[in-house]
Amino acid sequence: MESQKQYKKKFSFEFFPPKTPEAVGKLQTTQAKLAEMNPDFFSVTFGAGGSTRDMTFETVMDIHAKTGIEAAPHISCIGNLNDEIKAILENYKDNGIKRIVALRGDLPSGAVGYGQLRYANELVEFIRQETGDHFHIEVAAYPEFHPQAPNAKTDIENFRKKVDAGANSAITQYFYNPFAYYRFVDNCEKLGVDIPIVAGVMPIINCTQLVRFSEGCGAEIPRWILKRLQEFGDDRVSIRKFGIDVTTELCEQLLTNDAPGLHFYTMNQSEASVAIWKNLGIDQRDS
Ligand code: FAD
């Protein structure tokens, strides 16, 4: 973790584009509450194959206009043609967006076309080729490894390809075992990777949802956490309290051990993220 000490810690919150008018209203309340924390930026996900393309754009512009805080769209290449990606990039550039989260994405079931760019390193290269240094490019990192990776070593080498292609910083998949993250970062350092690798944090709000997500993305829920969550059954209050305690402790350890910031997967809810943020005593007044 030695190289991570040099970076100023950055804090950010992630949303997904809302699908209904009620969800739009709810997200506006959430973003207003989280804006009070003065994060470094918000980010907004991009649906598989471009399915939320317009809503990602609208949400990003709305957040920026209403909160004054930087908003970064995610963009994924799988299932999109290069001309479509180019048009999206140009639109963001014309609208003053300067940070982007570049991903391969996952093909929705039943989709046939892969698009022209197969991996995120090719997308990063394409963004640099089309827009030079305009964007600060964030990429994804996997301390517990990407579910499709043939092995850990190859996955880290593939991560490095994104950095070599011009990524400026990375955000990890969420994890609950900090040692997986420390070791991942140390291995990246050994390969000469020299960008901030910010820890992705998933506040625990709902056990069923967490299990489903974790199965899909390859994040491990430690047995002791799962057992405790199962024990709470439908008792949402206890789940939230336990989840906030566990996630606060994880974040404390990460920050003490030089993680260069935290990126909260908010699930468009503010309560747990705000509670963890306050427990940590993060002070963003000067940022
Ligand atoms: P890549 O870095 O391309 O890696 C994918 C797999 O291919 C890995 O197994 C890797 O080892 C391998 N690989 C990579 N490069 C090569 C290469 N050159 N040759 C051979 N193999 C290679 N998904 C969405 O749909 N929308 C979002 O908005 C979104 N946001 C995310 C934000 C974060 C912070 C994270 C961590 C994930 C996000 N995802 C999102 C999920 C992500 O799209 C999936 O995890 C996807 O399966 C991989 O995307 P990637 O950019 O990490 O892919």
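Analyst: Buried means under 20% relative accessible area, exposed over 50%, and partly exposed in between, with a 1.4 Å probe and protein chains only. This is a predicted model, where local features need pLDDT of at least 70, side-chain atom pairs count only at pLDDT 80 or more, and totals for chains, interfaces and linings use all residues. Residues are numbered from 1 along each chain as its sequence is written, and side-chain values use heavy atoms, without hydrogens and water.

User: Is Cys 188 buried or exposed?

Analyst: Its relative accessibility is 1%. The limit for buried is under 20%. Cys 188 therefore counts as buried.

User: How many disulfides does the structure hold?

Analyst: A disulfide is a pair of cysteine sulfur atoms within 2.5 Å. The sulfur of Cys 77 is 19 Å from the closest cysteine sulfur, in Cys 217, so it is too far for a bond. For Cys 188, the nearest cysteine sulfur, again that of Cys 217, is 18 Å away. The number of disulfides in the structure is zero.

User: At what angle do helix α9 and helix α10 pack?

Analyst: Helices are DSSP runs (H or I, at least four residues), numbered from the N terminus. Here α9 spans residues 236-256 and α10 residues 271-280. Axes are lines fitted to C-alpha atoms over the stretch in contact, and angles run from 0 to 180 degrees between N-to-C directions. The axes are 9 Å apart, and the angle is about 45 degrees.

User: Which term describes α9 relative to α10?

Analyst: Angles under 35 degrees are roughly parallel, over 145 roughly antiparallel, 65 to 115 roughly perpendicular, and the rest oblique. The helices pack at about 45 degrees. So α9 is, relative to α10, oblique.

Terms used. Helices (H or I, at least four residues) and strands (E, at least two) are DSSP runs, numbered from the N terminus.
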